[in-house]
Amino acid sequence: MAARMHKRTAAITILCAVTAVAAHAQWHNYPAAGIPRTKDGKPNLSARTPRAANGKPDLSGVWTTDGSPPGEVDRLFPGISDLAVPGDDPRSFNKFFLNVFADDKNEDVPIKPEALPTFLERAKSQGKDNPTSHCLPAGIPMGDLLPVPRRFIQLPSMLVILYEGMNPQRVIHMDGRKHVLEQPAWLGYSIGRWEGDTLVADTRGFNDRSWLDAFGHPRTEAMHIVERFTRRDFGHIDVEMTFEDPGAYTKPFSIRFTQTLTPDTDLIESVCAENEKDRQHLDAK
């Protein structure tokens, strides 16, 4: 697929996600309790990892996915700077939001021939078919790769993830239950377990409607995602996602990224149908 069409597809998807990014607000002047601080009162994000009552790392908090290092998105997607607008610069996004295969050469992308027409059709549509442009969920991993805050609430039997605008709530169940496969869902059905200090989330039961990234890489209902969350200190979580989808890809593949704690803030209500400003302009093209 030509880089120019890729760039255009990514641009449309970014426009459809802009409202969620730009709409973020904060509870001003309300410092969160339990945050270790330096002498000048700033959050000490390098402090020791907090622990829950069971001795495991406590992942609770408001987290935001880190963008790629400066210059990397420019290098991987030449001309992406042309899409920057005040308040929203795709160069600050994580590269895997744009393309989950950002680190791979085109010839190494393990997409199956039968899945390629879906990918090409999405590129041809210039991103207008992305579910987010219709106020539908971004899914996993797209909803986790935007620089939009998410709140983790860790309980003994589950990890609850609340998204600001892009996805409905998500629950990673840790009470021994099995996956639900009879009712495919946007975020699938997640069960979790601890491996040492790493929380492993195993998710199946996806529908095939969400995109993996802004370029439109598809998924099928056979998609299986395993996530590994490791809170290495107070303010940082290392995330590894491994994808296996025999309906669309010839082999498993993985991405790695980091999330940084966003202290002294909280989620603000965001309703896509009220905030969405771009769809009418896309339909006019």
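Before you start: the model is predicted, so local features need pLDDT of at least 70, side-chain atom pairs count only at pLDDT 80 or more, and totals for chains, interfaces and linings use all residues. Residues are numbered from 1 along each chain as its sequence is written, and side-chain values use heavy atoms, with hydrogens and water left out.

**Barrel.** Show the strands (DSSP runs of E, at least two residues, numbered from the N terminus). Nine of them close into a barrel in the order β1-β2-β3-β4-β5-β6-β7-β8-β9, with mixed pairing; two strands pair if DSSP finds at least two bridges between them.

**β5 and β6.** Select residues 189-195 and 198-204 next: these antiparallel strands, β5 and β6, are joined by seven bridges. Click on E195 and you will find T198 of β6 opposite.

**Salt bridges.** The structure holds 15 of them, each a side-chain nitrogen of Lys or Arg within 4 Å of a carboxyl oxygen of Asp or Glu.

Select E227 and R170, whose closest N and O atoms are 2.5 Å apart. This pair links β7 (E227) with β4 (R170), 57 residues apart in the chain. Both residues are buried, where buried means under 20% relative accessible area, exposed over 50% and partly exposed in between (1.4 Å probe, protein chains only).

Move on to E240 and R256, a salt bridge at 3.1 Å between the closest N and O atoms. E240 sits in β8 and R256 in β9, 16 residues apart. E240 is partly exposed at 22% relative accessible area, while R256 is exposed at 58%.

For the last stop, select E72, R75, K95 and D103: salt bridges that share partners join these residues into one network.

Note on methods. Helix = DSSP H or I, 4+ residues; strand = E, 2+ residues; numbered from the N terminus.
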